[in-house]
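Let's take a friendly walk through a protein chain together. Have a look at the sequence and the structure, and then we will go through some of its parts.

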Amino acid sequence: MNRDVASLVEQARAGRARAVARLITLVEGAAPQLREVMAALAPLTGNAYVIGLTGAPGVGKSTTTSALVTAYRRQGKRVAVLAVDPSSPFSGGALLGDRVRMSDHAGDPGVYIRSMATRGHLGGLAWAAPQAVRVLDAAGYDVVLVETVGVGQSEVEVAAQADTCAVLLAPGMGDGIQAAKAGILEIGDLYVVNKADRDGADAAVRELNHMLGLGEARAPGDWRPPIVKTVAARAEGIDEVVQALEKHRAWMEEWGVLLHRRRVRAAREVETIAVTALRERLADLHGDRRLRGLAEDVAAGRTDPYTAADVLTRELTGD
């Protein structure tokens with residue numbers, strides 16, 4: 001193993017935030033050392049509890065995340081936050097940096113906060129997020145909170161990246177429940193009605209209960225997502241959220257769901273890396289005489305695009 005990589009991994013395991021930051025930077029930049037880094041981290045992963053936080057804009061995801069960090073720190077757990085932000089169309093950087101997020105935890109060595117840019121990736125998550133979570137897991141954080149960019153129903157991708165997915169809503173948001181109907185209701189393991197001191201909180205809970213019950217056909221032992229009311233700005237209801245999260249984790253471990261979700265997550269990660277590699281190889285063919293020849297045959301009607309694609313695929317994969 002490269003000495004620099006080994007040193008970085010060792011420092012990250014020791015809780016040095018700078019080393020963790022450098023490893024995630026290698027992930028974001030798809031650095032040449034990334035393969036070696038991932039190989040070194042692999043045996044160290046599998047211990048962190050990954051919690052996804054998603055919901056429509058304005059429901060208080062960052063405030064809730066900060067309150068959850070405080071609650072888990074009271075339990076003595078090391079906590080990492082991966083806050084996925086919108087990308088700047090010019091620089092590709094995150095519009096909201098970690099410096100302006102959750103400043104209450106800035107001086108706590110047991111907390112690591114990192115903003116990542118989506119870089120135009122649909123689904124509310126940066127393409128590198130799964131590997132960044134792997135870094136945080138290997139670095140010894142007990143809980144990893146993944147907070148997604150507020151873009152409505154496309155945030156459902158968070159469900160594939162987390163052990164438990166918490167969906168946040170707020171009364172009076174107008175389109176909050178509509179966003180839930182559009183797809184968010186399908187992914188939640190826990191629903192949090194934040195800003196519950198506002199008018200309409202009880203009505204929001206009733207409507208959520210009604211929608212969760214529609215067409216419900218759960219077998220014995222199946223998980224029924226609970227609904228928790230919070231006022232995250234005052235930390236009200238946060239302990240109940242933590243209890244619900246831990247209850248869901250215990251249920252997953254009892255029924256083998258946790259292992260299944262992690263295997264599915266690993267499969268998606270492997271698939272993404274493989275497809276990205278194929279796309280890079282395909283990009284190298286632009287202007288290549290083989291692709292030009294196939295394109296000429298399709299344009300002239302000598303072959304069809306599917307047959308041409310099969311030929312190209314065989315050349316790319318060596319089959």
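## A glutamate in a strand

In which strand is the place of E147? E147 belongs to strand β4, which covers residues 143–147. Keep in mind that you are looking at a predicted model.

Is E147 buried or exposed? Its relative accessible area is 4%, and buried means under 20%, so E147 counts as buried. The side chain of E147 also has a partner: it makes a polar contact with the side chain of S62, at 2.8 Å.

## The chain as a whole

Now step back and take in the whole chain. It holds eleven helices and seven strands. The chain has 319 residues, and 45% of them count as buried.

Strand β1 runs over residues 49–55, and it is mostly covered, with seven of its seven residues buried. In a regular strand the side chains alternate between the two faces of the sheet. You can follow this along β1: Y49, I51, L53 and G55 point one way, while V50, G52 and T54 point the other way. The residues on both sides are all buried.

Which strands pair with β1? One is β4, the strand that holds E147; β1 and β4 pair in the parallel sense over five bridges. Within that pairing, Y49 has V143 of β4 as its bridge partner. Another is β5, residues 164–169, which runs parallel to β1 and is joined to it by five bridges. Here T54 stands opposite V167.

## Helix α9

Some residues of α9 are hidden away: V257, L258, R262, R265 and E269 are buried. What covers the buried residues of α9? The cover includes strand β1, helix α5 (129–138) and helix α8 (238–255).

## Two aromatic pairs

A pair of aromatic rings is described by the distance of the centres and the angle of the planes. A search of the whole structure finds two such pairs. In one of them, Y112 and Y141 sit 6.3 Å apart from centre to centre, with 40 degrees between the planes, and the pair is tilted. Y112 lies in strand β3 (residues 111–117) and Y141 in the loop between α5 and β4, so the pair ties together parts that are 29 residues apart in sequence. Both Y112 and Y141 are buried. Y141 has another neighbour as well: R78 lies over the face of its ring, at 4.2 Å from the ring centre.

W223 and W251 also form a tilted pair, with 5.8 Å from centre to centre and 40 degrees between the planes. W223 lies in the loop between α7 (201–213) and β7 (227–229), whereas W251 is in helix α8, so this pair ties together parts that are 28 residues apart in sequence. W223 counts as buried at 14% relative accessibility, and W251 is buried with a relative accessible area of 18%.

## Loops and a helix to look up

A30 has a positive phi of about 50 degrees although it is not a glycine. You will find A30 in the loop between α2 (17–28) and α3 (34–41). Its relative accessible area is 47%, and A30 is partly exposed. K195 is not a glycine either, yet it has a positive phi of about 55 degrees. The place of K195 is in the loop between β6 (190–193) and α7.

A295 is in helix α10, residues 289–299. With a relative accessible area of 45%, A295 is partly exposed. How far apart in space are A295 and P305? They are ten residues apart in sequence and 8.2 Å apart in space, C-alpha to C-alpha.

Technical notes:
Residues numbered from 1 in each chain as written. Predicted model: local features only at pLDDT ≥ 70, side-chain atom pairs only at ≥ 80, totals over all residues. Heavy atoms only, no water. Helix = DSSP H or I, 4+ residues; strand = E, 2+ residues; numbered from the N terminus. Buried < 20%, exposed > 50% of the residue type's maximum accessible area, 1.4 Å probe, protein only. Polar contact = N/O pair within 3.5 Å; in protein donor to acceptor, adjacent residues only side chain to side chain. Contact = heavy atoms within 4.5 Å. Phe/Tyr/Trp six-rings, centres within 6.5 Å; stacked < 30°, edge-to-face > 60°. Lys NZ or Arg CZ within 6 Å of the ring centre and 35° of its normal. Pairing = 2+ DSSP bridges.
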